[in-house]
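Please examine the model below.

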Amino acid sequence: MADIKRLNYFTNEFLEAADFTAEQKYHLDMRHLHNSSLHTPGVVNGLVVSLSGAQVTVTPGMAIDPSGQEIVMSAPQSVQKPATGSFFVTLKYHEDQTDQTTRGGVTGFKRVAENPNVLPEVPTTPDSSAVILAFFDANGNPDPSKRQWASSVLAPNSVTGDKIADGSVGAAELANNAVTPPALRDGAVTLGKLALTPRPDPSVPYTQLTLQPGAFADVAVAPGFNITNTRPGVLLLVIVDAYTVTNGGIVGWQRISDTGKDGTVVNERVRFQNLSLAPSGGGAPPIITVNYKIYVVRL
């Protein structure tokens, strides 16, 4: 890092244009140093990307680039996507000199406009000085996991139990893979610190199955959750919300898993069984219809 200097003013000092430029540069450099040291590069707000035909449109918003420069886009921008193949959509800091003047017989520009550029990039690895806003495959399908989000940098072991209010950390506060082992002290996060309220989500429909008397059915536990080959020592909390809509019906369930030779968990599933009894007046136990939802939390 170069020596940090700022202007020192005194009476009758003679100032030139370079002095005023140095004044602005000092504040810019210190702000960029703050951003790059305490924040990760990425989108702060807005900058939503949409693809319509061959046109890529990005809404106004703000981002921080890897150098700590703030990138503010005040109006939507549209660009053409590449003719073929997958591509990234990135945002890059850019400056233009504006407000040209010839006053006093001298030609110059009185302002510097910060005009970011939206760029569709075909290479597998995008420009390292830009912020990744989106990625589209060759069929135009977006991959949200490629989008960069700005966040705060946490020092190792800085998050301890006494720093987290009960119930303050929920799904909305954590990005996927945001919490890594170096960021947490052992035992700092307990179930009481996580806002995991096991209640049915009304926006998710129930899945339905039918069971004959005494029969059972195995349902895979959240196949998209990557349960298979879970590491030894990782606790999986399985929450089942299930009921039968059949009069006189009884449904039971249990969690079943197989353990490999190395201790990994494989073939994780929930078994639902028709436990209905025969009516008191005689007859066979009823065939039941079961509605269920399965939630999984890795701890």
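Predicted model: local features only at pLDDT ≥ 70, side-chain atom pairs only at ≥ 80, totals over all residues.

Me: How many residues does helix H1 have, and what distance does it reach from its first C-alpha to its last?
Reply: Helix H1 runs over residues 17-38, a stretch of 22 residues. At 1.5 Å a residue, a span of 32 Å is expected. The reach from the first C-alpha to the last is close to that expectation, at 32 Å.

Me: Against which strands do the buried residues of H1 pack?
Reply: Buried here means under 20% relative accessible area. The buried residues of H1 are Tyr 26, His 32 and Asn 35. Their packing partners are strands S1 (39-40), S5 (61-64) and S6 (70-73).

Me: Which residue in the turn of the S5 and S6 hairpin has a positive phi?
Reply: S5 and S6 pair in the antiparallel sense over 4 bridges, with Ile 64 opposite Glu 70 in S6. The hairpin leaves 5 residues between the two strands. The turn residue with a positive phi, of about 90°, is Gly 68.

Me: Which element gives the largest share of the largest nonpolar core?
Reply: This core has 18 residues, and those touching the most other members include Leu 47, Val 58, Leu 91 and Leu 133. Strands S4 (55-58), S6, S8 (87-92) and S12 (131-136) each give two or more residues to this core. The largest share is 4 residues, and it comes from S12.

Me: Which residue of S5 does Val 43 stand opposite?
Reply: Strand S2 (residues 42-46) pairs with S5 in the antiparallel sense over 4 bridges. In S5, the residue opposite Val 43 is Ala 63.

Key:
Residues numbered from 1 in each chain as written. Heavy atoms only, no water. Expected span 1.5 Å × (residues − 1). Buried < 20%, exposed > 50% of the residue type's maximum accessible area, 1.4 Å probe, protein only. Contact = heavy atoms within 4.5 Å. Core = buried A, V, L, I, M, F, W, Y, C linked by side-chain atoms within 4.5 Å. Pairing = 2+ DSSP bridges.
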